[in-house]
Amino acid sequence: MNQTIAEKLRADARIAQAKKLLESAAAEYRDQICEIRPPNPHLVAEYKSMLDRLAVARGGAPYFPFIGSGLGNGPFVELADGSVKLDFIVGIGVHGMGHSHPAMLASTVDAAMEDTIMQGNLQQNAPSLTMAERLIELGNRHGAQLAHCLLSTSGAMANENSLKIAFHNRFPASRVICIDNCFAGRSLALAQLTDRPAYRTGLPKTLDVDFIPMFHPADPKGTTAGALSTLKKLLERHPGEYACLWLELVAGEGGYYPGTPEYFEGLCKICHEHKVLIIFDEVQTFTRLSQPYAFQHFGLDKYADIVTIGKITQVCATLYREELKPKGPILSQTFTGATASILAGLAVLNELESKRCFGNDGWNMERASFFKSRMEKLAQQYPTKISGPYGEGMMMAFQAGSGDGEQAKKAIFDLYEAGLMGFVAGSNPTRIRFLPSPAVVTKEHLSLACDIIEEVICKR
Ligand SMILES: Cc1ncc(COP(=O)(O)O)c(C=O)c1O
């Protein structure tokens, strides 16, 4: 009586049966993908031709000669040439449950039973509401006061929305403060926040952005004091002109440099005294540290004015405080996310919480400390070959040799050839980073990765 027709459809036993049938078929094949494998010689020529065509179609070769077959198992992924890699970069931190997870399949079937592929401004179904409320609830667990959550389809769009909210609320302030090494995304505005001149080649200047020094563990006191004094100078030089301070709590693309609570607290406090809003860009950090949000990990809840997330949640979002709610129609989109993305994102969050990824002794930190101790041993054993590890939680990195860019790239490709996928981060030094899937990666997988690093980087 009190059910919609859609609810009756979702409760129909045939849907559950279909899901079971699909999962049992998928499991049969998925389970065959459980170790690193070389390519199937019969598929090599066709694979090469696909790669060549891909390079033409997309206007350049992809970074790795990678085309997925469409099937994997946890951290293992099968390529279209039949080879299997241990995927520790997961599309740059996106596949939180690894490859071909049963919960991902189930949520995609649920999405297929919804009436629309995409949700958006005029088409909000219950999954959008569930996701927005879930992200707000997770964000406010330790005292932050995030009232609203706007979904979007990319980290860049979530970040654009966050900038708009900040400027709108601090008009006519038009400047932004960032930390050295910042990366914020690929839109015209965000290219200005990104501390990589090459990423702005040929692009017009769209915003005034000033940079302050990053925290460095080699000189915690000096770098913290340096950042605070630069911030104070900027605020004196441009009084009333700054709308926001942009913080990536672990610099991602910049090289996996976490700050400390003291470093961030000092900056945030001064900014709040000057009515400068704090934006936490958590597109890469979200769910990878001891708490769902990195600002919770660093104890910065009271400074969370605007927060953006993305990647692992499959759909991205901008969260903000009540008093920052825009007074004009500055935020709107045809698409806020695919139904499948939103449901899969919810499945990722469920999985991360049920696996107890969070907490000081949760999976994330436990696995991070396991990786750290293995890598520290390697660094001691082969001091000229590797150093580190660096990063925080499930954002892991190390340095090969001197950290020279070409050497790092060569190391990445040698690891790839040996079956381990990572990626570079930062410059001077360039590090090698991993973003393993938090919900599925085990100590055995981490151990296997360390064995490959030893074989490929340390022993050669
Ligand atoms: C910290 C950070 N912000 C923003 C972005 C941009 O996200 P997207 O590529 O989804 O637009 C990224 C992507 O790597 C990121 O790491």
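Pro 127, Ser 128, Thr 130, Met 131, Arg 134, Leu 135 and Leu 138 of helix H6 touch Ile 342, Leu 343, Gly 345, Leu 346, Leu 349, Asn 350 and Glu 353 of helix H12, where contact means heavy atoms within 4.5 Å. Helices (H or I, at least four residues) and strands (E, at least two) are DSSP runs numbered from the N terminus. The model is a predicted one, in which local features need pLDDT of at least 70 and side-chain atom pairs count only at pLDDT 80 or more, while totals for chains, interfaces and linings use all residues. Residues are numbered from 1 along each chain as its sequence is written, and side-chain values use heavy atoms, with hydrogens and water left out.

By class, the contact of H6 with H12 has eight nonpolar, four polar and two charged residues. Here Ala, Val, Leu, Ile, Met, Phe, Trp, Tyr, Cys and Pro count as nonpolar, Asp, Glu, Lys and Arg as charged, and the others, Gly among them, as polar. Two packed helices are described by the angle between their axes and the distance between the axes. For H6 (residues 126-139) and H12 (residues 339-354), the axes come within 9 Å and cross at roughly 35°. Such axes are lines fitted to C-alpha atoms, for helices over the stretch in contact, with angles from 0 to 180 degrees between N-to-C directions.

A second pair to look at is H9 (residues 220-237) and H10 (residues 261-273), whose axes come within 9 Å and cross at roughly 15°. On the H9 side the contact includes Thr 223, Ala 227 and Leu 231, and on the H10 side it includes Tyr 263, Gly 266 and Ile 270. The residues of this contact divide into eight nonpolar, three polar and one charged.

A grid of 1 Å over the protein atoms alone defines a cavity as a set of points where a 1.4 Å probe fits but cannot get out, and a pocket as an open set with protein on both sides within 12 Å along at least five of seven lines; lining residues have an atom within 4 Å of a point. Grid points are joined across faces, edges and corners, and a volume is the space filled by probe spheres set on the points. The largest pocket holds about 630 Å³. Of its 27 lining residues, Phe 183, Arg 186, Tyr 199, Glu 253 and Arg 433 lie nearest its centre. The lining divides into ten nonpolar, ten polar and seven charged residues.

One cavity of 30 Å³ or more is found in the whole structure. The largest cavity contains about 110 Å³ of space. Its lining has 14 residues, with Ile 179, Met 214, Glu 248, Ala 251 and Tyr 257 nearest the centre. Strand S10 (257-258) and H10 each give two or more residues to this lining.

The peptide bond from Phe 171 to Pro 172 is cis, with omega near 5°, and Pro 172 sits in the loop between H7 and strand S6 (175-179). Another cis peptide bond joins Gly 388 and Pro 389, with omega about 5°; Pro 389 belongs to strand S15 (residues 386-392).
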